[in-house]
Amino acid sequence: MHILIFPVGFILWYLAYESKPFINDEVTLHWEEKNINKRNKLLNIINETF
């Protein structure tokens, strides 16, 4: 019985994962911009030290 349950579970998990909504609002864009700025600052610090 477990042989049938695991594949069905993975298929259901995949369908649920693919159907999740994408949130593109101003908060998400602001958050991404902040992370990009932080990443660039860290990369600049690392590049300056070497």
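**View 1. G9 in helix α1.** G9 is found in helix α1. The model shown here, as in every view below, is predicted.

**View 2. A nonpolar patch on the surface.** Nine names make up this view: F6, V8, F10, I11, L12, W13, Y14, L15 and Y17 form a nonpolar patch on the surface. Together these residues have about 1,000 Å² of accessible area. One of them, L15, lies in helix α1, which covers residues 2-18.

**View 3. L43 in helix α2.** L43 is part of helix α2, and this helix covers residues 26-49. L43 counts as partly exposed because its relative accessibility is 42%.

View 4. How far apart are the C-alpha atoms of G9 and L43? They are separated by 42 Å, with the two residues 34 apart along the chain. The C-alpha atoms of L43 and W13 are separated by 37 Å, and here the two residues are 30 apart along the chain. G9 belongs to helix α1, while L43 belongs to helix α2.

**View 5. The whole chain, for orientation.** The secondary structure comes to 2 helices and 0 strands. Along its principal axes the C-alpha trace spans about 60 × 30 × 10 Å. The radius of gyration of the chain is 20 Å, whereas a compact globule of 50 residues would have one near 10 Å. Of the 50 residues, 2% count as buried.

**View 6. Surface and charges.** The accessible surface of the chain comes to about 5,400 Å², and 68% of this surface belongs to carbon and sulfur atoms. How many side chains are positive and how many negative? The chain has 5 positive and 6 negative side chains. The centres of these two sets lie 8 Å apart.

Technical notes. Residues numbered from 1 in each chain as written. Predicted model: local features only at pLDDT ≥ 70, side-chain atom pairs only at ≥ 80, totals over all residues. Heavy atoms only, no water. Helix = DSSP H or I, 4+ residues; strand = E, 2+ residues; numbered from the N terminus. Buried < 20%, exposed > 50% of the residue type's maximum accessible area, 1.4 Å probe, protein only. Rg over C-alpha atoms; globule rule 2.2 N^0.38 Å. Areas by Shrake-Rupley, 256 points an atom, 1.4 Å probe, with all protein chains shown as cover. Lys, Arg positive; Asp, Glu negative; His and termini not counted. Charge placed at Lys NZ, Arg CZ, Asp CG, Glu CD. Patch = residues over 30% accessible without salt bridge, like charges linked within 9 Å, V, L, I, M, F, W, Y side chains within 5 Å. Salt bridge = Lys/Arg side-chain N within 4 Å of Asp/Glu carboxyl O.
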